[in-house]
Amino acid sequence: MRTKIVAGNWKMNMDKEGTRALLTDLVAKLPQTSTLVMVAPTFVNLESAVNQLSGLPIEAVAQNMHFEDSGAYTGEISAGMLRSVGVQTVILGHSERRAYFHETDELLEKKVRKALENDIRVIFCFGEELADRKAGKQFEVVQRQLSKALFNLPENAWEDIILAYEPVWAIGTGETASPEQAQEMHAFIRKGVAEASSEKTADSVSILYGGSVKPGNAREIFSKPDVDGGLIGGASLKAEDFIAIVTAFD
Ligand code: PGA
């Protein structure tokens, strides 16, 4: 049985008070569930989120990380710093990081390796743009993104990898991939992991879908055999909506 995961990516939202209040609300409303629940607040609120959630079944994770240990990288945060405040998981490769901060597949490979070296689990995001899909190149693009950053990793590294397929055209647009499109891509991804590592690894890696997942469409998307959960942006900022998505597996 693969781990079911629902992770909320808060992006650049929620100040100190907002973070505290939303976490309090989530903790109060979260029912007993076997789904692994994560939220990613901004860096300034991350340590307090880790502390507030200590011993509770919601994990506070980071939205990004630098690939060096320390040094002259103004504004950046290292894997060691994340570990030092109790962070165990980081989101890497989000399409907004790729688009607005020019993160490349080569850079992401370095980040992934650094995170794993520091025992930090990675939620690795990737996905094609609309023009790629229109040109029928979505599989090629995804294959390239995964090959560069992940497919040379040793087999045991996969224990700390969670994949998040996020078609760029579906992020924050209100448009979702159909459950069939998600399943088709997730099956392709799993096959790629099997070829790059092993069937066993491919069978156990969780592949999340992201892009306008809402309470109204989560159940249908999550019902597909290769969809193991979701990475949620907009709908993770309202406790009721996020909890409704978390419980869509139950
Ligand atoms: P969205 O964002 O749910 O608002 O589309 C998803 C994401 O960026 O991870």
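Which polar backbone atom is 2.9 Å from an oxygen atom of the ligand? Select G233: the backbone atom belongs to this residue. The pair is a polar contact (N or O atoms within 3.5 Å; within protein, one must be able to donate a hydrogen and the other to accept it, and residues adjacent in sequence count only if both atoms are side-chain atoms). Taken alone, the ligand exposes 290 Å², and the protein buries 97% of that (accessible areas by the Shrake-Rupley method with a 1.4 Å probe; for residues, only the protein chains shown count as cover).

Before going on, note that this is a predicted model, in which local features need pLDDT of at least 70 and side-chain atom pairs count only at pLDDT 80 or more, while totals for chains, interfaces and linings use all residues. Residues are numbered from 1 along each chain as its sequence is written, and side-chain values use heavy atoms, with hydrogens and water left out.

Now show the shell around the ligand. There are 13 residues around it, and K11, H94, E166, G172 and S212 come nearest (a residue is near if one of its heavy atoms lies within 4 Å). The shell divides into four nonpolar, seven polar and two charged residues (Ala, Val, Leu, Ile, Met, Phe, Trp, Tyr, Cys and Pro are nonpolar; Asp, Glu, Lys and Arg charged; the others, Gly among them, polar).

Select K11 next. A polar atom of its side chain is 2.7 Å from an oxygen atom of the ligand. K11 sits in the loop between β1 (5-9) and α1 (16-29) (helices are DSSP runs of H or I, at least four residues, and strands runs of E, at least two, numbered from the N terminus). Its phi is near 50 degrees, a positive value in a residue other than glycine.

Move to H102, in the loop between α4 (95-100) and α5 (105-117). Phi of H102 is positive too, near 55 degrees, and the residue is not glycine.

Finally, select α10 (residues 215-222) and α11 (residues 239-246), whose axes come within 8 Å and cross at roughly 15 degrees. The two helices are therefore roughly parallel to each other.

Note on methods: Axes are lines fitted to C-alpha atoms, for helices over the stretch in contact, and angles run from 0 to 180 degrees between N-to-C directions. Angles under 35 degrees count as roughly parallel, over 145 as roughly antiparallel, 65 to 115 as roughly perpendicular and the rest as oblique.
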